Each structure stands twice: as C-alpha cells, then as structure tokens.
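Reader: I have a model open on my screen, and I'd like to learn how to read it. Could you walk me through a pocket and a chain contact?

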2 protein chains.
Amino acid sequence: MKLELRVVIRSLGLLLIVLSAVMAVMALFSGVNRLTGDAAEGAAFQALLMVTLAGALGGGAMYLAGRSSSGVIGQREALLVVSVSWILAAGLSALPYWFWAGLRPDAAEIAHDFDRYVNCYFEAMSGLTTAGSSILQVVETVPRSLLLWRATTHWLGGLGIVVLFVAVLPMLGGGSRRVFLLESPGPSPEAVTPRIQDTAQVLWLIYVGLTVAEVIALMVCGMGLFDSVCHTFATLASGGFSTKSASVAAYPSASIQTVIIVFMVLGGVNFALYHALLQGKWRRVRKDPELRAYLAILALGSVFVTLSLLRHPARAPASTTVPASVTDTVRDAVFTVVSIQTTTGFCTADFDQWHFVAKATLLVGMFIGGSAGSTAGGIKVMRLLIAAKVIWAELERAYRPRVVRPIKVGHVPINDDLKLSTFVYLIGYATVFGAGTVLLMAFERPGDIDITTAASACAATLNTTGPGLGKVGAVHNFAWLSDASKVVLSTLMLLGRLELFAVLALFSPRFWREE
Amino acid sequence: MKLELRVVIRSLGLLLIVLSAVMAVMALFSGVNRLTGDAAEGAAFQALLMVTLAGALGGGAMYLAGRSSSGVIGQREALLVVSVSWILAAGLSALPYWFWAGLRPDAAEIAHDFDRYVNCYFEAMSGLTTAGSSILQVVETVPRSLLLWRATTHWLGGLGIVVLFVAVLPMLGGGSRRVFLLESPGPSPEAVTPRIQDTAQVLWLIYVGLTVAEVIALMVCGMGLFDSVCHTFATLASGGFSTKSASVAAYPSASIQTVIIVFMVLGGVNFALYHALLQGKWRRVRKDPELRAYLAILALGSVFVTLSLLRHPARAPASTTVPASVTDTVRDAVFTVVSIQTTTGFCTADFDQWHFVAKATLLVGMFIGGSAGSTAGGIKVMRLLIAAKVIWAELERAYRPRVVRPIKVGHVPINDDLKLSTFVYLIGYATVFGAGTVLLMAFERPGDIDITTAASACAATLNTTGPGLGKVGAVHNFAWLSDASKVVLSTLMLLGRLELFAVLALFSPRFWREE
C-alpha cells in the first residue's frame with residue numbers, strides 16, 4: 001500500500017494546534033503575572049504569545065495542506081505520526097525558552113542556558129518524554145510561566161501527547177487504535193474499553209483525578225499553589241523537573257516528601273488498574289502480578305539502600321544537608337529509590353556521594369522502571385517478569401529437553417511472539433544504551449568525561465529518569481555537554497519513551513519502500 | 001527418572017585418570033630437564049609426580065566406586081559430568097603449581113604467587129577455559145615443566161576436556177553425544193560424522209594437525225622448540241598464556257607475530273569447516289556465512305584500530321617499545337584486534353594506553369568472539385548473525401505486522417526455538433557480566449578498583465580473552481585482586497566456556513528434583 005503522507009501532515013497539523021492551545025493558557029498565565037507586577041514575565045509573555053500564534057498558524061496550514069487526504073491511517077502512517085509528533089512537539093515546545101532568552105532585557109549582558117536552541121530542544125524533549133534531565137544551571141532564573149510550561153510538557157508527555165489528541169479529537173478515525181498502541185508503554189498495552197477514544201478519555205480522566213488529589217495534598221502540607229501544580233505535573237508524569245535547583249531537597253518537610261513518594265509510586269502503576277479499581281474489581285488489582293512485583297522491587301531496593309546508608313553514611317556534600325537522624329536516612333533512601341525506579345528523578349539527597357552498593361541498586365532500579373501502561377519509563381516490570389520466566393524455562397530445557405511448560409504471567413499465557421519480542425526489546429535496549437555511551441565518550445574530550453558519567457547519562461535519558469551519576473549527578477546538570485552529546489541524549493529520551501521500535505523502524509530502508 | 005550419580009562418579013574418575021596420564025608426560029619432561037642440569041626443576045618434578053599419582057589413585061577409586069552403575073548417561077547426568085569435570089579438572093590442575101610453590105628450596109624466604117591455592121586454581125581454570133588471565137607477576141619465575149603444563153591446560157581445554165575423553169575412550173556409551181553437545185561452543189553444534197566418537201576423533205586430529213603446522217612455522221621463524229610448543233598450544237586454543245611476562249611483545253620478529261596472527265584466526269574458525277575442506281567441499285567453506293562475517297568483522301576492527309592508532313599514537317609505556325613505523329603500527333593493530341576478538345589474549349602492545357575509540361573497538365570484539373564450534377570464546381559470530389536477522393525482522397513487524405518472513409542464515413532456516421534461545425543467551429550473558437562487575441566492585445575496597453577495571457576484568461574472563469583494561473590491562477595481571485574476586489572471575493571463565501546454561505542449570509532447585 002502507498003504511504004499516505006497527506007494524512008500524516010494533517011494529523012501533525014492537528015497536534016500543533018492542540019499544543020498551541022495549551023501554550024495559550026501559559027501566555028494567559030504569564031500575562032496575569034505581568035499585570036500583577038512580575039517584571040520578569042515581560043519577555044516570557046511575548047515569547048509565549050509568538051509561539052502560540054506560530055504554532056496555530058503552522059498547524060492550521062498543515063491541516064489544510066493535508067485536508068484532501070483519504071483519512072485512512074495505516075500502520076506505517078501511524079508510526080510516522082507518532083515519531084514525528086514527538087520530534088515536532090519538542091521542536092515547538094523549545095521555542096518559548098529560546099525566544100524568551102533572546103527577548104530578555106539583559107540578554108546582551110548576561111548569558112543564559114536557554115540562549116542556544118540545542119539546550120532548549122534538550123529541555124523540551126526531556127520535558128515531553130518525562131526524562132527530567134535539565135540543562136539549567138539555576139532553575140530560579142526562569143520566569144514562572146516558563147517553569148509552568150516546563151512542568152506542563154511533563155504532564156502532556158506522561159500519558160502521551162498523541163493519546164491526548166485521540167481523547168479530545170475524533171478525527172483520527174481508524175488510526176486512533178494504532179497510535180494509541182504505539183504510544184502506550186509496555187509489552188502489550190490494553191484498551192480498557194472497546195472504543196479506543198473512550199479508553200483515552202478514561203485514562204486522561206484518571207490522570208486528571210490523580211493530579212487534583214496531589215495538588216490538594218501538597219497544598220495541605222504547606223506548599224504554595226504554583227509549586228504544588230508544577231511538582232504534581234512532574235510527579236505523576238514520572239518527570240522530575242522541579243521549580244527549584246535543589247529539587248525536592250528544597251522542601252525538607254517530611255509530609256511533603258511523603259506525599260511525593262506516594263504519588264511517584266502511583267504514577268508507576270498501570271493506569272488500567274485504576275480503571276479496574278473504579279469498576280470495583282478489587283480482586284483483579286490485588287492479584288495483579290506486575291503490581292505485586294513492582295511494589296516488591298521498590299521495597300527491596302529501599303531496604304538495600306537504607307542498609308547501605310546506615311552502614312556507610314554519605315559524606316556531606318555542599319548543597320544538601322547531612323541526614324541527621326535514622327528517620328531522615330530512611331526517608332532519603334526510600335525517596336531516592338522510588339524517584340529513580342519510577343524514573344521520576346526528583347532528588348532529596350546527592351546520591352552520587354553514596355556507597356557503590358547503593359548506587360548500583362539505584363542504577364538497576366533505573367533500568368527496571370515502572371509498570372507497563374504507567375507514565376514511568378525504564379524496561380518495565382512486566383517485560384522483566386516475562387524474561388525471568390522464559391529464562392527459567394530455558395534453564396529447565398537444558399536438563400529436561402522434552403518437558404514443555406506453557407509460560408504465564410498471572411493467568412495470562414505468554415505466546416511465542418511476545419516471548420521473542422520481549423527479548424529482542426531487551427537486546428535492542430542494551431545496544432542503544434551501549435551505542436549511546438560510546439558516542440558520548442567519543443564526542444566529549446577525554447579529560448571532560450568518564451565512563452560513569454557517560455554511561456549514567458545514557459541510562460538516565462534512555463530510561464527517562466533524569467539525573468545520572470558523576471558529572472551529571474543529582475547536584476549537577478547536562479549544560480556542560482557538547483551539542484553532539486545533547487542531540488544523542490535527546491534521541492535516547494525519545495527512543496526510551498516510544499520504546500525503540502516506533503522510531504528505529506523509520507531508519508529501515510524497507511519502511512519507505514512500497515510493497 | 002532418577003538421577004544416576006554413580007555413572008557421574010565413574011565418568012569423573014575416568015577424567016581424572018586421563019588428566020593424570022597427561023600430567024605424567026609433564027613429570028617425564030621435568031625429570032629429563034632435571035637430569036640435563038635444570039636445578040629449578042627439582043621441586044617441579046616432585047610436585048608433578050605427586051599430583052600424577054594422587055590423580056590416578058583418586059580417579060581409579062572413583063571409577064571403581066561408580067563401576068556398578070547402569071552406564072546410562074541421561075541429560076541431567078551429562079550436565080553434571082560436564083560442569084563438575086571442569087571444576088574438578090581445574091582443582092587438580094592447580095595442584096602442581098601449589099605443591100611446587102611449597103616444595104621450592106627458597107620457599108621460606110621468597111614469596112611466590114603460587115603460594116596461595118586460590119591463585120593456583122585461578123591460573124588452572126584460566127588455562128583450561130582458555131581465558132589466559134594470569135595471576136603471575138613474573139612468568140619467568142616458574143620452571144619450564146610447569147609452564148608447559150600451563151600451556152597444555154589451554155590445549156586440553158580448547159577443544160574440550162570431555163570431548164577429548166569421548167575421543168579416546170568409548171566408555172561413555174550413549175552419553176557421549178550429550179556431553180559433546182554440551183561442551184562444544186555455539187548455538188547449534190554439529191556432529192560432522194554420524195558416530196559422535198568419530199566426530200571427536202576427527203576434530204582432535206585436525207587440532208593436532210594445526211598444532212604441528214604452527215610449531216613448525218614458529219620454529220622456521222626462529223623461535224625455540226619449547227617456546228614454539230607453548231605458544232602454539234596457547235594460540236590454537238585461543239588461550240593466551242605466554243612463557244614471557246611481556247607476552248608476544250618479547251618476540252619483536254615480524255614473521256613470528258604474523259604466524260601467530262594467522263593461527264589465532266584459524267583457531268577462531270568452526271572446526272567443522274576444516275573437516276569440510278578435507279572432504280573437498282570448497283564451496284561449502286567459501287559460502288559459509290559465519291566464516292565470512294567473522295573475517296569481515298576482524299578486518300573492520302583492524303581498520304578501525306589502525307586508523308585510531310595513526311591518528312592518536314599511543315603514549316609509550318615503560319614495558320613496550322614505541323611503534324616506530326606505520327608497518328609496526330598496522331601489525332600491532334591487527335595483532336591486538338585478532339588476539340582480542342579470537343579471545344586469545346596475547347599482547348604485543350599496551351592497548352590500555354590507546355585512544356578510547358580503539359579500546360571500545362577491542363571491547364566490542366571481545367564480546368563478539370569467534371565462530372561457533374571453534375576454540376574461541378565470546379558470544380560467537382553465529383549468535384550475532386541470528387540476533388541481527390531477528391531484530392531486523394522485528395523492526396519490519398512494527399510497520400508491516402502481517403508480513404512473515406522466514407529467517408535463514410545462509411541456507412539454514414532458523415526455527416523459533418533457536419531464535420528465542422539465542423536471545424535468552426544474550427540476556428543471560430549480559431546479566432552474568434553485570435552481576436560479576438557489581439560483585440567485583442563490592443568485594444574490592446573502593447580505592448583499589450575502578451569501574452573500567454572491574455567491568456573489563458569480567459569481560460576478559462567471561463569471554464575467556466585474558467587481559468582487560470586499567471589495572472588488569474595488557475601489562476598488568478590479576479594477582480592483586482581479593483580471593484573473593486578471584487573466585488568470581490574463575491566462575492565467569494567457567495560460565496563463559498560452558499556457555500552458561502550447563503553450569504547455571506545446576507543451581508536450579510528443579511534440577512535436583514525427581515519428576
């Protein structure tokens with residue numbers, strides 16, 4: 001079948017319009033701030049307004065250009081829509097930062113990380129993919145409206161920007177199931193309702209519900225409305241952007257940190273389980289093997305790291321306080337394990353100073369990630385459950401070659417296709433991780449980077465976690481890297497968020513060949 | 001079926017007797033050396049004689065103890081025989097080193113690396129598995145008979161100690177096919193003749209033929225008989241033990257190094273192809289997809305490393321000479337790439353001083369390894385061919401879900417079982433590698449080890465290469481590591497040589513359960 005490019009262009013145009021509409025809200029917020037006396041918002045308001053208009057016009061033009069399309073979205077068209085959507089969305093989302101940096105009254109005198117477009121693109125891709133890796137050296141230099149936009153990119157990307165417009169717009173027709181499946185993470189995403197648009201709406205409603213709950217909880221604990229909203233967006237999307245350079249360490253309140261821990265855990269749960277819960281299917285939720293494994297791994301990691309911290313108390317870094325009590329140590333351990341494994345990336349402690357065992361545990365958690373169908377990144381617990389069962393079975397084949405046992409996760413039998421594709425995914429993941437590390441080592445000058453920094457930067461972006469170790473650790477940022485490395489890491493974020501194949505397929509010559 | 005332990009004990013007894021017979025030859029060599037005036041051989045002769053007798057008596061006792069067995073070797077018995085054979089053989093092969101260290105006349109005054117049994121076991125396992133990682137700080141301190149024994153462990157382990165006794169002894173009966181398949185490397189080892197004993201004999205005859213050829217070639221180039229034999233054993237087995245601390249760098253002769261390059265390449269070829277060649281099946285050999293890929297990867301790696309070396313000439317380390325000319329640089333590059341990818345591990349240059357790109361290329365080559373059915377370690381080219389084709393097909397499934405293309409390597413179709421087990425193997429390999437690295441980091445004191453050293457030590461042993469990078473690099477050794485780390489690395493060598501599952505299966509509780 002011929003690749004129908006016009007329907008792709010039309011869909012991308014629609015996406016730009018939806019994004020512009022969200023950006024208009026930011027412009028409004030900026031304008032209100034400006035009027036109430038926040039002088040820093042002047043340039044931000046201009047920037048947001050310009051990008052809103054540019055996005056709406058560009059999107060509108062694309063929509064019209066693709067209007068005459070048949071409207072049928074096949075598998076290849078869906079892949080193109082999803083992959084290009086994310087690149088285009090990051091390109092557009094970066095513009096407010098970049099325009100603002102140029103429009104600042106003191107732009108000529110004081111340099112800013114947003115002066116260079118590659119930094120803005122990195123930050124926007126990091127936001128949308130919910131990585132949360134930042135090139136900002138001092139977050140507080142950015143106006144509030146742009147910080148809200150930064151948090152909003154998390155929130156939009158968490159559940160999926162294309163899933164969002166499947167939910168709000170019925171225009172995709174038969175293609176909506178395809179794009180939904182491509183954008184939802186996990187080995188076998190499930191539609192919770194027969195109509196895919198209903199599923200998208202249900203998921204977004206659950207997401208909105210959780211969002212409202214966390215904002216209220218944070219405000220009850222004493223956080224201001226603006227910071228509550230921004231941190232909530234970053235928590236539930238498993239993002240990790242904070243409005244403070246010190247991240248959540250800026251809020252030493254035990255209750256605030258506990259609320260964030262709870263909602264980070266909730267963000268890493270398969271959203272289909274919330275739907276089951278709403279329908280009163282308690283048993284389904286209680287018996288869910290992935291949920292149990294996910295919680296068990298989090299608990300185990302927390303115990304490991306706590307024991308390691310009690311045995312080897314961290315050296316006190318300049319920017320964080322020394323854990324004074326056992327309670328604080330336990331909270332730091334649990335917070336960090338949850339933040340890293342759910343691939344959120346908030347920090348309350350400089351875990352780069354921790355003992356090797358603690359750091360290795362975090363790194364393993366980073367790769368494990370959250371559940372399939374959650375907002376978390378990483379490999380996903382479900383894939384590891386399948387892999388573990390298959391390895392176990394292969395081990396038995398070594399000594400009982402004739403015994404064949406069907407493999408199940410819970411009550412769901414795992415067929416041969418899913419077995420193979422799970423392992424292919426794992427190898428693809430490891431290959432991309434290794435290739436990224438080699439590229440970073442090759443692109444930076446030898447003295448500037450060490451293997452821990454390079455590997456952990458790739459792990460932190462591919463798993464969409466945020467901070468890594470060494471020079472991209474909890475108290476550092478990604479600003480110092482070369483442009484080439486930033487492009488590599490942005491690409492890793494996209495590959496991690498879209499689970500490799502949707503993006504990699506575009507590089508296969510056969511994709512473009514008609515058959 | 002009940003696990004028949006007596007047949008396992010009988011087989012292991014036989015193995016000890018075969019090993020003792022080989023050791024008796026070493027004792028004879030030592031005795032002749034002693035008589036012709038080599039004073040250093042006194043203690044070595046005693047040690048070798050004692051171990052020969054102990055092995056023969058122990059083996060005889062085990063054979064008698066298991067005599068009453070039914071003689072049927074099932075799959076589980078075969079796994080036990082193969083895994084335990086190697087551990088037992090390493091344990092016995094270590095004894096001559098250890099006894100010698102204790103019997104030395106100056107044992108009380110001068111310490112030696114062989115004073116500790118764990119070092120001797122490491123060296124013996126490294127010999128048998130053809131890793132070639134050494135704990136010897138100065139190789140020249142060891143008597144010639146023990147150096148010959150050290151090289152002989154390579155030679156025995158290269159094609160497989162159990163395959164050897166399948167070849168010489170008909171006692172295994174129906175179990176011989178099972179143990180042959182378990183010990184021969186590669187995804188699907190092939191028997192070149194209908195009777196497995198004939199196959200084992202053919203393979204050993206080819207091996208002996210290549211050995212004679214290399215010894216003659218090295219002697220023609222001016223190397224002495226003793227060194228020629230030792231280096232030949234280490235070359236063809238893809239081992240890497242040299243009789244010199246400086247390894248092959250001690251022989252700056254271009255012709256010697258070229259001969260070794262050629263035979264290292266030959267050792268990494270599937271031995272079934274030599275059989276085909278002997279039968280005049282030229283076309284089969286010329287069209288063999290694994291052979292082509294193996295040679296292409298070697299060539300590509302050589303070009304990469306040569307270019308890197310020409311662009312970034314290595315700093316001159318103390319123990320190796322600075323490459324003076326382009327010819328020398330090219331030879332160093334080719335020698336090192338071939339030595340590392342065939343997992344031999346001979347050195348002519350301190351590649352730890354090379355640029356990152358060159359080191360990364362070597363590390364990738366280390367993991368790729370040689371061909372299935374060769375003496376080389378690593379993942380094996382065949383597995384990577386299968387994996388690449390499956391990944392390619394999965395990529396196409398992302399955009400053409402309904403197209404099913406059968407996967408072939410050459411003319412051989414790859415069935416679903418082999419696809420899955422290839423990927424399971426890759427993931428198992430990566431997991432064992434990662435776990436080893438974490439264990440090393442945890443077992444050594446933080447200041448003593450860095451991640452490059454730990455990871456490359458695991459890569460060098462799991463792939464049975466020999467030297468790694470950093471503190472286990474080309475001009476270093478493994479003596480400084482803690483006992484715990486040495487046990488970990490010895491285990492990695494065994495896992496790499498027996499390709500994981502034969503060993504890991506023993507740790508599965510179900511293995512020991514009767515069904």
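This is a predicted model: local features need pLDDT of at least 70, side-chain atom pairs count only at pLDDT 80 or more; totals for chains, interfaces and linings use all residues.

Reader: How do I begin with empty space?

Author: Rolling a probe the size of a water molecule over the atoms shows where empty space is left. In this case, the second largest pocket holds about 1,000 Å³ of space.

Reader: Which residues lie nearest the centre of the second largest pocket?

Author: They are D416(A), L420(A), D416(B), D417(B) and L420(B), out of 40 lining residues. The elements giving two or more residues to this lining are helix 16 (381–399) and helix 17 (416–443), from chain A and from chain B.

Reader: How many residues of that lining are nonpolar, polar or charged?

Author: The lining has 19 nonpolar and 21 charged residues, with no polar ones.

Reader: Now the contact. What should I look at?

Author: Start with who takes part and how much area is covered. Chain A brings 42 residues and chain B brings 40. About 3,900 Å² is buried between the two chains, and carbon and sulfur atoms give 70% of that.

Reader: How many salt bridges cross the interface of chain A and chain B?

Author: Four are found by the rule. In one salt bridge, the side chain of D417(A) meets that of R397(B), at 3.2 Å from N to O. There are also 14 residue pairs in polar contact across the interface.

Reader: Which helix of chain A gives the most to the side that touches chain B?

Author: Helix 17 does, with eleven residues. By class, that side of chain A has 25 nonpolar, four polar and 13 charged residues.

Definitions and conventions: Residues are numbered from 1 along each chain as its sequence is written. Chains are lettered from A and ligands numbered from 1 in the order in which they are written. Side-chain values use heavy atoms; hydrogens and water are left out. On a 1 Å grid over the protein atoms alone, a cavity is a set of points where a 1.4 Å probe fits but cannot get out, and a pocket is an open set with protein on both sides within 12 Å along at least five of seven lines; lining residues have an atom within 4 Å of a point. Grid points are joined across faces, edges and corners, and a volume is the space filled by probe spheres set on the points. Helices (H or I, at least four residues) and strands (E, at least two) are DSSP runs, numbered from the N terminus. Ala, Val, Leu, Ile, Met, Phe, Trp, Tyr, Cys and Pro count as nonpolar, Asp, Glu, Lys and Arg as charged, and the others, Gly among them, as polar. Contact means heavy atoms within 4.5 Å. Buried area is the accessible area (1.4 Å probe) that two parts lose on being put together, summed over both. A polar contact is a pair of N or O atoms within 3.5 Å; within protein, one must be able to donate a hydrogen and the other to accept it, and residues adjacent in sequence count only if both atoms are side-chain atoms.
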